[in-house]
Amino acid sequence: MATTTVTYGLLAGGKHTVWVPASAIYTETTNGADPVIQTELGNEPELKTIQFDAAADKFAQFSITMPKSWDESSGITYQPYWTNVAASPDTGNVIWSMQAVSFADGDSLNATFGTAVATTAKASSGTQYNLMVSAESGAVTPAGSPAAGEITMFRIFRDADNAADTCTDAVQLLGIKLFFTTDLGGDA
């Protein structure tokens with residue numbers, strides 16, 4: 001019997017993603033979105049979501065430590081996955097925005113988020129519990145002095161105060177796909 005040897009190379013530099021589920025996102029104390037909701041659908045999938053209403057901007061946060069291979073000069077982009085849970089959903093547009101701030105060892109955690117970057121408006125399908133995937137955003141640049149290996153805190157919100165957000169229903173966020181570029185072959 002012949003033996004096959006498989007060689008594994010290093011992680012290639014380039015664009016990579018990380019999934020942040022709603023269950024890893026927490027709502028802010030002031031002007032926070034609704035806490036994580038668990039909903040069992042009729043065919044048994046259960047969703048963990050965070051609800052954002054249409055009346056005003058409501059906020060939620062999560063954090064990750066960026067890998068050592070992160071090319072911090074390229075920024076971070078994101079793509080929200082969401083659904084409309086109204087019985088007769090509105091087909092208006094939904095806009096999401098995100099801000100970030102990075103911290104190195106010894107930095108004060110009492111810092112201000114960077115500039116918010118919005119997604120392109122995405123129309124709700126008009127069907128309850130349809131998966132909606134917004135377009136990938138432009139680059140979010142964290143405030144502070146972002147560098148590989150640092151903790152980065154993100155603030156996500158439905159941009160209800162934006163005139164182009166026209167959906168009158170509350171919508172629920174299932175999670176965020178983050179995109180980042182690496183310039184090294186590994187994190188060792």
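Author: Let us begin with burial. A residue is called buried under 20% relative accessible area, exposed over 50%, and partly exposed in between, with a 1.4 Å probe and protein chains only. D165, at 9% relative accessibility, therefore counts as buried. This is a predicted model, in which local features need pLDDT of at least 70 and side-chain atom pairs count only at pLDDT 80 or more, while totals for chains, interfaces and linings use all residues. Residues are numbered from 1 along each chain as its sequence is written, and side-chain values use heavy atoms, with hydrogens and water left out.

Reader: With which residue does D165 form a salt bridge?

Author: Side chains of opposite charge can pair when their charged atoms come close. The term salt bridge requires a side-chain nitrogen of Lys or Arg within 4 Å of a carboxyl oxygen of Asp or Glu. D165 has R158 as its partner, with the closest N and O atoms 2.8 Å apart. R158 is buried, having a relative accessible area of 0%.

Reader: How many salt bridges does a search of the whole structure find?

Author: The search finds three. One of them joins E28 to R155, whose closest N and O atoms are 2.7 Å apart. To place these residues, note that helices (H or I, at least four residues) and strands (E, at least two) are DSSP runs, numbered from the N terminus. E28 is buried at a relative accessible area of 13%, and R155 is buried at 19%. Another salt bridge, 2.8 Å from N to O, is formed by the side chains of E136 and K15. Because E136 belongs to the loop between β11 and β12 and K15 to strand β1 (residues 14–21), the pair ties together parts 121 residues apart in sequence. E136 is partly exposed at 30% relative accessibility, whereas K15 is exposed, with a relative accessible area of 53%.

Reader: Over the face of which residue does R155 lie?

Author: A charge sits over a ring if NZ of Lys or CZ of Arg is within 6 Å of the ring centre and within 35 degrees of the ring normal. R155 lies over the face of F59, at 3.8 Å from the ring centre.

Reader: How many aromatic pairs does the structure hold?

Author: A pair of aromatic rings is described by the distance of the centres and the angle of the planes. Rings of Phe, Tyr and Trp (its six-membered ring) pair if their centres lie within 6.5 Å; planes under 30 degrees apart count as stacked, over 60 as edge-to-face and the rest as tilted. The structure holds five such pairs. F52 and W96 have ring centres 5.0 Å apart and planes at 85°, so the pair is edge-to-face. F52 lies in strand β4 and W96 in strand β8, so the contact ties together parts that are 44 residues apart in sequence. Both F52 and W96 are buried. F59 and F157 form a tilted pair, with 4.8 Å from centre to centre and 55° between the planes. F59 lies in strand β5 (residues 58–65) and F157 in strand β12, so their pair ties together parts 98 residues apart in sequence. Ring pairs also link F52, W82 and W96 into a cluster.

Reader: In what order do the five strands of the open sheet stand?

Author: Strands of a sheet pair through backbone hydrogen bonds, either parallel or antiparallel. Two strands count as paired if DSSP finds at least two bridges between them. Here the order is β2-β5-β12-β8-β9, with antiparallel pairing. The edge strands, β2 and β9 (117–118), each pair on one side only. Strands β8 (residues 96–103) and β12 (residues 151–158) pair over eight bridges in the antiparallel sense, and S97 stands opposite F157 in β12.

Reader: Why is strand β4 described as largely enclosed by the rest of the structure?

Author: Five of the seven residues of β4 (residues 46–52) are buried, so the description applies. Strand β4 pairs with β3 in the antiparallel sense over four bridges, and three bridges join β4 to strand β13 (residues 171–182), also antiparallel. In β13, V171 is the bridge partner of F52.
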